[in-house]
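Biologist: Could you walk me through how the pieces of this fold pack together? I have the sequence and the coordinates open beside me.

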Amino acid sequence: MPSVSTEHALRAHLLAAGLAGPVSTQREKSLLRYRMFAARDPRALLGLEPARAWTVPELLALMAAECGVSADPGLVRGADTIDPVRTVAALDRFAERLSQAASRGQPVLFGTGHPSRLLDFYADLAAGLSAAGCPVLTPGAGRCVDITTRFGVRTYGLSYVRGVALVRVAGARTSLDAPGAHTHSPLPLRVALEAAATGRGPLPALVVGDHGWVCGAGQLGVEAMGPADADDPAVFVGQAEGQVAVAVPLDDSARSECYRPLTRYVLKRACLSQ
């Protein structure tokens, strides 16, 4: 993986790795998700309850401004796009907030619905904060979470790997190091926060995650931030309405190693390099 100590180098890596520029997310999928969000389909809301109604043209304009997708409603096919300049600017704000958490010794909760892709990204950030004296929280480990999927309601277990929350299918025989299940649900976040609230440990001052982790936390009034793809309008609406502190536009389905230079960049910007 290349060194990305400068913004220019990071932008070059984002484009080379397909994390920005033309990305793997297809325009058809993004537009479908915008229509679902406008219709308040829970699968697209990710736990967010928008303060007002959003039309598809409004969502397209927002995503063009904040993410860098094409604002042309006539463009309905092909690869969607993310602006690397916007990604770097958001990563800088992301790093600044992590630096503040470190300086204040704030408790932080990490969680992901994309464990096979983003687990290492979050885990390395968690390690950096922990080394700086921040409590990295793990509330609710082992609790069950019932999540509605296209196959019906399935029961998952809340688990933590290197300080990062994820879910695994309950009863499945998997290694503790195995990634977890992919989910957009805010329910794992709610279970974790309920466990924190009823336990003896602190509540998180900051939640770092994706999908239902970031939107679910923001909706409940907990400061939250994290990456979001071109087909994740909920995270950007959350940012626009004030529930999400930082939405980082980023393809979230690349290989895990593609995110390592981003981790190093953020840790360095946050003065948390190990």
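Modeller: Gladly! Contact here means heavy atoms within 4.5 Å, and helices (H or I, at least four residues) and strands (E, at least two) are DSSP runs numbered from the N terminus. This is a predicted model, where local features need pLDDT of at least 70, side-chain atom pairs count only at pLDDT 80 or more, and totals for chains, interfaces and linings use all residues. Residues are numbered from 1 along each chain as its sequence is written, and side-chain values use heavy atoms, leaving out hydrogens and water.

Biologist: Which elements do the buried residues of H4 pack against?

Modeller: Helix H4 spans residues 56–66, and its buried residues (under 20% relative accessible area, 1.4 Å probe, protein chains only) are Leu 59, Leu 60, Leu 62, Met 63 and Ala 64. These buried residues pack against H2, helix H5 (84–104) and H9.

Biologist: Which residues make the contact between H2 and H9?

Modeller: The axes of H2 (residues 27–38) and H9 (residues 233–241) come within 10 Å and cross at roughly 55°. From H9, the contact uses Pro 233, Ala 234 and Val 237; from H2, it uses Arg 33, Tyr 34 and Phe 37.

Biologist: In E9, what is the bridge partner of Ala 228?

Modeller: Strand E8 (residues 224–228) runs parallel to E9, and four bridges join them. Both faces of E9 (residues 246–249) are covered, with Val 246 and Val 248 buried on one side and Ala 247 and Pro 249 buried on the other. The partner of Ala 228 in E9 is Pro 249.

Definitions and conventions:
Axes are lines fitted to C-alpha atoms, for helices over the stretch in contact, and angles run from 0 to 180 degrees between N-to-C directions. Buried means under 20% relative accessible area, exposed over 50%, partly exposed in between (1.4 Å probe, protein chains only). Two strands pair if DSSP finds at least two bridges between them.
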